[in-house]
Amino acid sequence: MLRSVSDAMDRGSAHRRGLRLQSQAMPKTPKGSVRLVDPHPSRVQRAPLTVGRSELLVDGSDRDFRRLVHNLFALAARHEAIRDGHAARIGLTGIEYAFVVSIHHLEDEGSVSVKRLAEFLRVSGAFATTMVGKLIRRGLVTKDEDPLDRRRLRLHVTARTHALLTTLGPSQRRVNDIQFSGLTRREFLIFQRLIEGLIETSEQALSLQAQLGGGRGRESVGR
């Protein structure tokens, strides 16, 4: 029994010596300070910034900028889904609807050429020409010569298209009013100006990206 007690005492002494050695090996913490433990010990470096302008950084962080970018994607996805929903009610695809409603509204301001339509929708002339051809074959749009310039063709929606858009009107207005119900008149005007400005600077960014070899440039946007 005495031997068992002695063995236990020896093990206890060895354990205490091990603790002392382990304590001596640990770096000393200044008195009164708190030792901070990295919650992500495997993380080597912070994520690189995605913007450099001071106006877009908050306390040196681009977190708010990333939030803005992701919100823009979320908004664009929902707005496109709403547009596609409008189109589906009258048997069109989203892009067909965008073209015919734009032609119809532009007609209120004067003659509509393919070039003017492409500029209004901010798509390439080639894509606009292709889409107009499809709409003509579907009987949704017609074209004729511009009497002031026979080299140009004028676009018109057909009576059938006008009827479809008129039928859509009541539900379309209700949905759009809800989507933008959070904007005052002043905010609406500011938002419109900001969006137009961002489109212009986005064009510049696309050109730069193409020069740097990281993108396909203007023709890849908006079809």
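Helices here are DSSP runs of H or I, at least four residues, and strands are runs of E, at least two, numbered from the N terminus. Gly91 follows H2, and its phi is positive, near 75°.

A word on the model. It is predicted, so to speak of local features we need pLDDT of at least 70, and side-chain atom pairs count only at pLDDT 80 or more, while totals for chains, interfaces and linings use all residues. Residues are numbered from 1 along each chain as its sequence is written, and side-chain values use heavy atoms, with hydrogens and water left out.

Now the whole chain. It has seven helices and two strands. The order along the sequence is α-α-α-α-α-β-β-α-α. Of the 223 residues, 20% are buried, meaning under 20% relative accessible area with a 1.4 Å probe, protein chains only; exposed is over 50%, and partly exposed is in between.

Back to H2. Which residues of H2 are buried? Phe65, Val69, His86 and Ala87. They pack against H3 and against helix H6, residues 159-179.

Next, H3. Ser102 sits in this helix, residues 94-107. Ser102 counts as buried because its relative accessibility is 7%. What does Ser102 touch, leaving aside neighbours within four places in sequence? Leu117, Phe120 and Leu121. Contact here means heavy atoms within 4.5 Å.
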